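Subject: Structure handover and findings

Hello,

Here is the structure we talked about.

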Amino acid sequence: DNHNGGHLSFGPDGCLYIATGDGGLAGDPQNNAQNRSSLLGKILRIDVDKQGNGTAYSIPPDNPFFGNQEGFREEIYAYGLRNPWKFSFDQERGWLWAADVGQSKVEEIDIIQKGANYGWRKMEGSLPYSVGNIDQTGLTPSVWEYRHPTGNSITGGYVYYGKSAPSLNGAYIYGDFGTGMIWSLRLDENMKPDNRTLFDTDLNISSFGLDQNNELYVVDYKGKIYKFIES
């Protein structure tokens, strides 16, 4: 009944990408995010133009677990996510940005790579979540994170390539549902982050959107939509 993810988007490759949460309850008690036999806590990737064996979609043959013999779901593109509420594709660099809502301490931003494990529930961002000795071998770290109470429920956005706010060109714009903060994040060629505060608002930021001219909008859960314009 929570941690549902739910974002859908066609990628530049024509495949449909689907974000799923871990299914809920604190700490992912079913360990769905690490279980590759489950579709929960994942980014999925399917081909909706072709039917599969008993399904209305097929599995792209370059999916990381295509044809595996271990019982892993072939739809899985990446895993180890808690609640990837929003994701988007960088129109110029082709990166898949995902914002993953944290449990009680850390909100994170990931660049999603094929077959990568982003750590939940072993890790919450860069902090160990599971008790005991945690084997972090093979885990892919987030590219940026922030701790509570700076924010408590990240809402992913888009890399900006519009004309109304030229100083934001090439920056990933995202916010926090709980605190109303809006930030910009840039990554250089070495993935070094430069994160800056744009606005401290009283909005409940539930989503961002782009129009046909790549102009950016922020959605307030309380019922309004705002457009980014640089004065």
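Start with a loop. Pro-149 sits in the loop between β10 and β11 (154-159). Its peptide bond with His-148 is cis, with omega about 10°. Strands here are DSSP runs (E, at least two residues), as helices are (H or I, at least four), and both are numbered from the N terminus.

Some ground rules. This is a predicted model: local features need pLDDT of at least 70, side-chain atom pairs count only at pLDDT 80 or more, and totals for chains, interfaces and linings use all residues. Residues are numbered from 1 along each chain as its sequence is written, and side-chain values use heavy atoms, with hydrogens and water left out.

**Overall**

The protein has zero helices and 17 strands. Its radius of gyration is 17 Å, close to the 17 Å of the globule rule for 231 residues, so the protein is as compact as a globular protein of that length. That radius is taken over C-alpha atoms, and the rule is 2.2 Å times the number of residues to the power 0.38. Along the principal axes, the C-alpha atoms fill a box of roughly 55 × 45 × 40 Å. Of the 231 residues, 49% count as buried. Buried means under 20% relative accessible area, exposed over 50%, and partly exposed in between (1.4 Å probe, protein chains only). Among contacts between residues at least 6 apart in sequence, 48% join residues at least 24 apart. A contact is heavy atoms within 4.5 Å.

**Sheets**

Strands pair if DSSP finds at least two bridges between them. Strands of a sheet pair through backbone hydrogen bonds, either parallel or antiparallel.

Three bridges join β3 (residues 42-46) to β4 in the antiparallel sense. Leu-44 stands opposite Ile-76 in β4.

Another open sheet of four strands runs β5-β6-β7-β10, also with antiparallel pairing. Here the edges are β5 (84-89) and β10 (144-147), each pairing on one side only. Neighbouring strands of this sheet are turned by 10° against each other on average, direction ignored. Four bridges hold the antiparallel pair of β6 (residues 96-100) and β7 (residues 106-111). In that region, Ala-99 faces Ile-109 in β7.

Then there is a hairpin. β16 and β17 form it with three residues between them, and Gly-223 in the turn has a positive phi of about 120°. Four bridges join β16 (residues 216-220) to β17 (residues 224-227), which run antiparallel. Val-218 has Tyr-226 as its bridge partner in β17.

**Rings and charges**

How many aromatic pairs does the whole structure hold? The search finds 14. One of them is tilted: the rings of Trp-120 and Tyr-129 have centres 4.7 Å apart and planes at 50°. Rings of Phe, Tyr and Trp (its six-membered ring) pair if their centres lie within 6.5 Å; planes under 30 degrees apart count as stacked, over 60 as edge-to-face and the rest as tilted. Trp-120 is buried at 3% relative accessibility. Tyr-129 is partly exposed at 30%. Ring pairs also link Trp-95, Trp-97, Tyr-146, Tyr-172, Tyr-174 and Trp-183 into a cluster.

Trp-120 has a charge over its ring too: the charged end of Arg-82 sits 5.8 Å from the ring centre. Lys-86 lies over the face of Trp-85, at 5.1 Å from the ring centre. The criterion is NZ of Lys or CZ of Arg within 6 Å of the ring centre and within 35 degrees of the ring normal.

**Backbone points to check**

Trp-120 and Arg-121 are joined by a cis peptide bond, with omega about 10°. Arg-121 is in the loop between β7 and β8 (123-124).

Leu-25 is not a glycine, yet has a positive phi of about 70°. Leu-25 is in the loop between β2 (16-20) and β3, and is exposed at 58% relative accessibility.

Met-191 is not a glycine either, and its positive phi is about 65°. Met-191 lies in the loop between β13 (181-187) and β14, partly exposed at 32%.

Best wishes

Methods. Axes are lines fitted to C-alpha atoms, for helices over the stretch in contact, and angles run from 0 to 180 degrees between N-to-C directions.
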